[in-house]
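Open the structure in your viewer and keep the selection tool at hand. The stops below say what to select next and what is there.

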Amino acid sequence: MQKMAETNNSVPYTQLPAEDNNTSVNSPAGCRLRPKRVSFIVLTGLVAALLLFVAVKYGKNEAEDVNPGPVPPQETVCNMLGSNLMPLTSMKTVARGVAEGVSAKSRGRFLGLRPFPWTKQMLAWQRTSFHFQPKKNWMNDPNGPLFYKGWYHLFYQYNPEAAVWGNIVWGHAVSRDLIHWQHLPVAMVADQWYDINGVWTGSATILPDGKLVMLYTGSTNESVQVQNLAYPADPSDPLLIKWVKYEGNPVLVPPPGIAAKDFRDPTTAWTTPQGKWRITIGSKVNKTGISLVYDTIDFKNFELLDGVLHGVSGTGMWECVDFYPVSKVVENGLDTSDNGPAVKHVLKSSLDDDRNDYYALGTYDAVAGKWVPDNPTIDVGIGLRYDYGNFYASKTFYDQEKKRRVLWAWITESDSEAADICKGWASLQPIPRTIKYDKKTGSNIITWPVAEVENLRFNSKEFDKVEVKPGNVVPLEVGTATQLDIMAEFEVDPKVLEKLEGSNATYECRSSGGSAERGALGPFGLLVLTDKGLSEQTPIYFYIAKDAAGNFTTFFCNDLTRSSEATDVRKLIYGSTVPVLQGEKLSLRTLVDHSIVESFAQNGRTAITSRLYPTKAIYEDAKLYLFNNATDVTITASVKIWQIHSANIQSS
């Protein structure tokens, strides 16, 4: 470990300017095309013709794009023209998934912005090194993760044909440690009338005798969502290569009063006091999101219980519902069937309307099959989230090997669909996270990267008690900063906190001016994936607000508005409040892996995941800084940083 002394080479902090809509879309000078005049005219004509072709063929209003049709070929979109420069077309992103009855799998139109001339080098940098993703093409929701005969299994929705949603089958990979993975052949394909339009989200249940069953949603030949049963062809095979679909499928169809496309995503089953198995499935009635409850003995015949497990008015369709216990007294995770006085139950839903994952803690009545939130003001869909950034369609499983509950999710792209087609892949998985009940607050859960990721650490550096004065930025010399694990603590003099007068002004991460909005007590934190000139920077920071009555509220935010000079990526501000108890320092952990950044405040009480697409702050030009943009306080930071090795992810 190399211990670094406090550095004095701080530089003034540059506030974020207003967005410049006239920013040049030229690539760096070293990558620009320099053709001769005649060649330039010919190439310009080709580009213009291709732009016109795509604009006519794919440029309809999004509302008209109910059936997106075939994906344009890569060469049409990228127009590589034999060079290292890829001037993307102005193709609009079509609506994918909505007509088929699932949440939108694209982010609307082509952002209304000009295409950016990405280079091969820029796009290659975006691929992660220690996060799981397929070798190529599209992926989305995790399915049926489990531990079986010595192997962790991840199934995921996958398009084997293109880097956009469609043709959904189940990809499959296995791991010994949740970090290094081996891709296996596709586990299930859309080949039956009951799943011909898609093999969608499912969950695994391990029976007491060790047998394994999988329930999954299929989209029928008439686009009706039904639930199907599958099981391993050879239960003795630890890799679970081949799967068999039950000949009596579907085992469940939408009940009366539920629309054909509002019935999906069965959970892992748990046992009832009557000795049956119980599952819940997401749905809605008008604008009320609900979780239907079914009991079964054999996973082939099901009984619909009266009422619902829970429902919340105004939250819309509930997707990817998850339901599991957490212990109030022990650190271990719990099997899905565990219950008792020392147990709370988490109910989580992915909201189709706003594409975020919400959870709530509550009490489960196993006899009645009902769940009641501890605090109705932060019920499912209107309160707490696993992650306040880019994080959706999550699913947990109980890891019986290490006695922990592990969380997976789908991390989407925030760039244009055209860019995804050019780079040949889209979406990835976060580092798996453990879930625990927060015994200190009693009001939330804690999520934290699995311990195995720490085995990738090397070459640590430590910066102890670095003072960062108001308006300053301090570089942290760690070499290339594209694969890092960062642990940081921040201290603010409590005497200064007490002396400052409070205000009735309100603050909120997403509607604020980002890290450029200076207050007496914030923002301060880290700048990741930042170039030396600070023209591209991604602040991850705390902001402390003090009201007129002297009460403090701490916010944890991530500002992407200056994360990239590209014109076709989303640059949002993420964040929320984070509980900070008396005597606690402000703590932050951030995992940086090229285009994904995962951040955790106060040991995991609040998390933010972001996708970043810098054009300058890449490779050896990606740097790391401390910053303090508060007006009235000096902050003291202690930071420990590790470089992170790449994971070994092998093809089958």
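Start with the aromatic rings: this predicted model has 29 aromatic pairs. Select Phe-116 and Trp-118, whose rings are edge-to-face, with 5.0 Å from centre to centre and 70 degrees between the planes. Phe-116 is buried, because its relative accessibility is 3%, and Trp-118, at 1%, is buried as well.

Next, select Tyr-507 and Tyr-543. Are these two rings stacked or edge-to-face? Their planes meet at 5 degrees and their centres are 3.7 Å apart, so the pair counts as stacked. Tyr-507 sits in the loop between helix H5 (494-499) and strand S31 (524-530), while Tyr-543 belongs to strand S32 (residues 538-546); the pair links distant parts of the chain, 36 residues apart. Both Tyr-507 and Tyr-543 are buried.

For a cluster of rings, select Phe-132, Tyr-156, Tyr-158, Trp-181 and Trp-408, which are linked by ring pairs. Two charged side chains over rings can be picked out next. Arg-176 lies over the face of Trp-151, 3.9 Å from the ring centre, and Lys-149 lies over the face of Tyr-148, at 5.4 Å from the ring centre.

Now turn to the nonpolar cores. The largest one has 55 residues, and within this core Phe-490 and Leu-626 touch the most other members. Strand S30 (residues 483-492) supplies the largest share of the core, five residues. A second, separate core holds 23 residues, including Tyr-152, Tyr-156, Trp-408 and Ile-644.

Select Asp-420 in helix H4 (residues 417-423). Is Asp-420 buried or exposed? Its relative accessibility is 5%, so Asp-420 counts as buried. Beyond its neighbours within four places in sequence, Asp-420 is in contact with Ala-163, Glu-413, Asp-415, Trp-425 and Ala-426.

Then go to Gln-192, in the loop between strand S8 (181-188) and strand S9 (199-206). With a relative accessible area of 33%, Gln-192 is partly exposed.

Finally, zoom out to the whole chain. Its secondary structure comprises five helices and 40 strands. Of its 652 residues, 58% count as buried. The accessible surface is about 25300 Å², and carbon and sulfur atoms account for 52% of that area.

Note on methods. Residues are numbered from 1 along each chain as its sequence is written. This is a predicted model: local features need pLDDT of at least 70, side-chain atom pairs count only at pLDDT 80 or more; totals for chains, interfaces and linings use all residues. Side-chain values use heavy atoms; hydrogens and water are left out. Helices (H or I, at least four residues) and strands (E, at least two) are DSSP runs, numbered from the N terminus. Buried means under 20% relative accessible area, exposed over 50%, partly exposed in between (1.4 Å probe, protein chains only). A nonpolar core is a set of buried Ala, Val, Leu, Ile, Met, Phe, Trp, Tyr and Cys residues joined through side-chain atoms within 4.5 Å. Contact means heavy atoms within 4.5 Å. Accessible areas come from the Shrake-Rupley method with a 1.4 Å probe; for residues, only the protein chains shown count as cover. Rings of Phe, Tyr and Trp (its six-membered ring) pair if their centres lie within 6.5 Å; planes under 30 degrees apart count as stacked, over 60 as edge-to-face and the rest as tilted. A charge sits over a ring if NZ of Lys or CZ of Arg is within 6 Å of the ring centre and within 35 degrees of the ring normal.
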